[in-house]
Amino acid sequence: MNKLTSQSSQSRQQGIVLPIVLIMMVILTSLVITQVRRSTVDQALAANSREYAFAEAAVQTVLRRCESELLAVGEAAAPAVGNPAWRDPAEWETKTLEPDADLAVNFPAVNAYGCLLENATDEMPPATTPDSLSAEARDDGLRKYRVTARVVLRTGQQIHLQSEMRFDRNSYN
């Protein structure tokens, strides 16, 4: 009778192992799937951060190039405008360039770049020095230029960066 009892308990024990192993496999599989999804999201976040860093570096480089262009060419490169030209998409149509080997702005995410140089001297406040005859007086030697750089990424996103340069023409004479 002992043989019969031990055989029936063994068969019951072997039957319980299979469901326990299946439950453990389901738990492990769900953990692996969760980790794979997290890894994919982390990779996407890292790629976006890297692309943004490249784009930021590219627009900084383009802005410095635009500023050096203004310094080299002078007032002829920056026409006076009534409204800020950088807000008008039509202004960018003729100012957008494709990246080239001569420019050293060959960043992987950049599709195109451009510069707008504007003479914004009219936006300067009038002189308020004690020796000025009126509050409307403006020193003719002072000049203000707005330099706007734009980078268009391959994703279609645009990044703009601006600087303002002021010059006193009287100090160069």
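These are my notebook entries on a predicted model of one protein chain.

**Ground rules.** I number residues from 1 along each chain as its sequence is written. Local features need pLDDT of at least 70 and side-chain atom pairs count only at pLDDT 80 or more, while totals for chains, interfaces and linings use all residues, and side-chain values use heavy atoms, with hydrogens and water left out.

**Layout.** I looked up the elements and found two helices and four strands, in the order α-α-β-β-β-β from the N terminus. Helices (H or I, at least four residues) and strands (E, at least two) are DSSP runs, numbered from the N terminus.

**Strand pairing.** I checked β3 next; strands pair if DSSP finds at least two bridges between them. β3 runs antiparallel to β2, with nine bridges, and alanine 112 has valine 152 of β3 as its bridge partner. β3 also runs antiparallel to β4, through 11 bridges; here tyrosine 145 stands opposite methionine 165. Four residues lie between β3 and β4 in their hairpin, and glycine 156 in the turn has a positive phi of about 95°.

**Buried or exposed?** I found that 11 of the 12 residues of β3 are buried. Buried means under 20% relative accessible area (1.4 Å probe, protein chains only).

**The core.** I then opened the largest nonpolar core, which has 21 residues. Such a core is a set of buried Ala, Val, Leu, Ile, Met, Phe, Trp, Tyr and Cys residues joined through side-chain atoms within 4.5 Å. Among the members touching the most others are Val62, Leu70 and Val151. α1 gives the most, seven residues.

Methods. Buried < 20%, exposed > 50% of the residue type's maximum accessible area, 1.4 Å probe, protein only.
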